[in-house]
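This report describes one protein model for a reader new to structural analysis. Please look at the sequence and the structure before reading on.

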Amino acid sequence: MKTESSATAPAAIAVTTPTEASADAAARARGVGTLQAALGVVAFSLTFPATAWGLQGFGPWSLVAVRSVLAAVIAGGALLALRVPPPARRHWAGLAVVAAGVVVGFPLLTTLALRTSTTAHAAVVVGLLPLTTALLSALRVGTRPSRTFWAAALAGAAAVVAFTVQQSGGALTTADLYLFAALLVCAAGYTEGGRLARVMPGWQVIGWALVLCLPIGVPAAALAVAYEPVRLTAHSVAGLLWVTAGSQFLGLVVWYRGMAAIGIPKASQLQLAQPLLTLVWSVLLLGEHLTPAAPLTAAAVLVCIAVTQRARG
């Protein structure tokens, strides 16, 4: 008796190997890290317009001191609520660098510059921050990006410099000196913060850096407010609130997390878009006028961002 088999061949089943799963997880982590770093850039792009608003009611010293104290209160409250233990002793030196560069140095120097400089001019000068951060990262952390990466980074920086020279007529001012100094201290803070964010959550990096400045910030704020007249308006309060919560805390939280995920050099190149975003905010929020060179610079910078994000290294 002939028996016919009714069994059919089993359907092919896709099997994901541990290596492929690990690669997929790494790709997702890089995607999330890139998004976090980009959100940080958006938050930072509003800093100069918000500072200009804040200066309508606060002096430069009081604005910086008060924003530092308020941000430290927010960060300290979060650390206490979640019962986060203090960092290990070996991390405090790095946190001091973050505090000096990001919490105190950059806000103070840029605020002093914005007394006489427009936000548009300040934005394009600070557009050199990505290259400065990548350079300090190579020296401090030992990263070695590829030649393609460096070529694209230098091209982006050159575009920013050309735009700056065209806007200022080639003459450096006291505000420019403040801004160049701000580049160095901020790049140092970003580099050290990105390194620390590999061993502790990014929000804790900036949180402890803010708390570290609190003993100095409180008396500095009291002294500055006593000597500089304060005039509360809708713009000055909104500007203070944004530079406190958005720029000084939340923006840095996602920024450091992004740097830890995708690396300091690549994250820093996303900041090439920051001056252009700030130019847009300066038009929308402050009524400043852009020159025809702005869209050309935007196109050049966006190309550089695409190249640096694809370059290996």
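## Basis of the model

This is a predicted model, in which local features need pLDDT of at least 70 and side-chain atom pairs count only at pLDDT 80 or more, whereas totals for chains, interfaces and linings use all residues. Residues are numbered from 1 along each chain as its sequence is written, and side-chain values use heavy atoms, with hydrogens and water left out.

## Overall fold

The protein contains 13 helices and 0 strands; these are DSSP runs, numbered from the N terminus, with helices (H or I) of at least four residues and strands (E) of at least two. Along its principal axes, the C-alpha trace spans about 110 × 50 × 40 Å.

A contact means heavy atoms within 4.5 Å. Among contacts between residues at least 6 apart in sequence, 91% join residues at least 24 apart.

## Surface and charges

The accessible surface comes to about 15,200 Å², and carbon and sulfur atoms account for 69% of this area. The areas come from the Shrake-Rupley method with a 1.4 Å probe; for residues, only the protein chains shown count as cover. Of the 313 residues, 50% are buried (buried means under 20% relative accessible area, exposed over 50%, and partly exposed in between, with a 1.4 Å probe and protein chains only).

## Nonpolar cores

A nonpolar core is a set of buried Ala, Val, Leu, Ile, Met, Phe, Trp, Tyr and Cys residues joined through side-chain atoms within 4.5 Å. The largest such core has 67 residues, and those touching the most other members are Y190, V205, I206, L210, L252, W255 and Y256. Apart from it lies another core of 7 residues, including F58 and L240.

Leaving aside residues up to four places away in sequence, Y190 has contacts that include F44, V102, L129 and M259.

## The salt bridge

Side chains of opposite charge can pair when their charged atoms come close. The structure holds 1 salt bridge, defined as a side-chain nitrogen of Lys or Arg within 4 Å of a carboxyl oxygen of Asp or Glu. E192 and R195 form it, with their closest N and O atoms 2.6 Å apart. Both residues lie in helix α8 (residues 174-196), 3 residues apart, or about one turn of the helix. E192 is buried because its relative accessibility is 6%, whereas R195 is partly exposed at 25%.

## A loop residue

S117 lies in the loop between α4 (92-113) and α5 (119-125). With a relative accessibility of 12%, S117 counts as buried. Not counting residues up to four places away in sequence, S117 touches A122 and A175.
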